[in-house]
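Have the viewer open while you read.

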Amino acid sequence: QLDRIIIHQQVELLEAIVGTETSSKYEIKNHLGQRVYFAVEENDCFDRNLCSPIRSFTIRIADNMGQEVITVNRPLRCNSCWFPCFLQELEVQSPPGTIAGYVVQNWDPFLPKFTIQNESKEDVLKIIGPYATCGCFEDVDFEVKTLNEMSIGKISKYWSGFVNNVFTNTANFGIQVPVDLDVRIKAVIIGACFLIDLMFFENSLDGL
C-alpha cells in the first residue's frame with residue numbers, strides 16, 4: 001500500500017574516516033519514517049574498492065522480522081555511453097528466487113535513461129534523469145514515466161548537506177509512485193534506486 005518510500009543509507013564510520021569502501025546498508029521507511037525493510041549489500045572487498053561505482057553486488061532486503069523479501073542482483077557491466085552494447089542491467093527477485101523484473105540502462109549521450117521491465121522482459125515504465133546529476137544545494141529528481149512519456153512518479157536524491165556529501169558517501173532517497181502500482185514493479189523501482197545511487201552518487205563529492 002506504499003506510495004512514498006524513503007531510503008536512508010546508514011553512515012559507515014570506517015568509510016568516513018579511512019576512505020575504504022564498505023558494504024552499504026540501508027533502511028527503507030514509509031512516509032511516516034517507520035522502518036519497513038532493511039537492506040544489506042553483499043560483494044567482496046575487491047569489487048567495492050577497485051570497481052566502486054560499476055561493481056557487481058547482491059542487495060538483500062528483509063522485513064522487520066528478518067525474512068528476506070526482495071533480492072537485487074547487479075552484474076559487473078560498463079557505465080559509459082561509449083559501450084552501448086554492455087550497459088547496466090539489474091535483476092530484481094521478489095520473493096527471492098522469483099523474478100519480479102529488470103532495470104535496463106538505455107543508451108543516451110546526454111541523459112540518464114532506464115527502462116523498467118516485468119518478469120518477461122516486457123517494457124513497463126521509463127526512468128529519465130536530469131542532464132546534470134550533481135544537484136548543488138537541491139534535490140535531484142529522476143522522473144518515472146509511462147511508455148508514452150506521462151509522468152507518474154519520481155526517484156529523488158535528497159540534498160544531505162555540505163559536510164555529509166563531502167566526508168561520507170551516505171545518501172537519502174525518496175520514491176513516489178502510484179499506490180495501486182503492481183507491487184512487483186514497486187520492488188523493481190526500489191532496485192532502480194540502488195542502481196542510480198551507485199552510478200551517480202557513489203563518489204563523496206557527488207551531489208555538491
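1. Start with the loop between β6 (89–93) and β7 (99–106), where you'll find Pro 95. Strands here are DSSP runs of E, at least two residues long, and helices are runs of H or I with at least four, both numbered from the N terminus. The peptide bond going from Ser 94 into Pro 95 is cis, with omega near -5 degrees. As background, most peptide bonds are trans, and most residues other than glycine have a negative phi.

2. Before going on, some ground rules: this is a predicted model, with local features needing pLDDT of at least 70 and side-chain atom pairs counting only at pLDDT 80 or more, while totals for chains, interfaces and linings use all residues. Residues are numbered from 1 along each chain as its sequence is written, and side-chain values use heavy atoms, with hydrogens and water left out.

3. Lys 121 comes out partly exposed at 43%, and Glu 149 is partly exposed at 40%.

4. Lys 121 turns up again in a charge–ring contact: its charged end sits over the ring of Tyr 102, 4.7 Å from the centre. The criterion is NZ of Lys or CZ of Arg within 6 Å of the ring centre and within 35 degrees of the ring normal. Lys 157 does likewise with Phe 201, its charged end sitting over that ring at 5.4 Å from the centre.

5. How many aromatic pairs does a search of the whole structure find? The count is 5. One of them is Tyr 26 with Phe 194, and this pair is tilted because the ring centres are 4.7 Å apart and the planes stand at 55 degrees. The pair links distant parts of the chain, 168 residues apart, with Tyr 26 in strand β2 (residues 25–29) and Phe 194 in helix α4 (residues 183–200). Tyr 26 is buried at 3% relative accessibility, and Phe 194 is buried at 1%. For the cut-offs, rings of Phe, Tyr and Trp (its six-membered ring) pair if their centres lie within 6.5 Å; planes under 30 degrees apart are stacked, over 60 edge-to-face, and the rest tilted.

6. Phe 114 and Phe 200 make an edge-to-face pair, since their centres are 6.5 Å apart and their planes at 85 degrees. Here too distant parts of the chain are linked, 86 residues apart: Phe 114 belongs to strand β8 (residues 113–117) and Phe 200 to helix α4. Phe 114 is buried at 2% relative accessibility, and Phe 200 is buried with 16%. Both belong to one aromatic cluster, together with Phe 142, Phe 173 and Phe 201.

7. Now the core. A nonpolar core means buried Ala, Val, Leu, Ile, Met, Phe, Trp, Tyr and Cys residues joined through side-chain atoms within 4.5 Å. The largest one has 41 residues, of which Ile 7, Ile 61, Ile 155 and Ile 189 touch the most other members. Its largest share, 13 residues, comes from α4. Leaving out residues up to four places away in sequence, the contacts of Ile 155 (heavy atoms within 4.5 Å) include Phe 142, Phe 173, Ile 189 and Ile 196.

8. Last, the charges. The structure holds 11 salt bridges, each a side-chain nitrogen of Lys or Arg within 4 Å of a carboxyl oxygen of Asp or Glu. Arg 35 bridges to Glu 27, with the closest N and O atoms 3.5 Å apart; Arg 35 is partly exposed at 36%, whereas Glu 27 is buried at 16%. Glu 27, Lys 29 and Arg 35 are linked in a salt-bridge network. Arg 184 and Asp 182 form another bridge, the closest N and O atoms being 2.9 Å apart.

Definitions and conventions. Buried means under 20% relative accessible area, exposed over 50%, partly exposed in between (1.4 Å probe, protein chains only).
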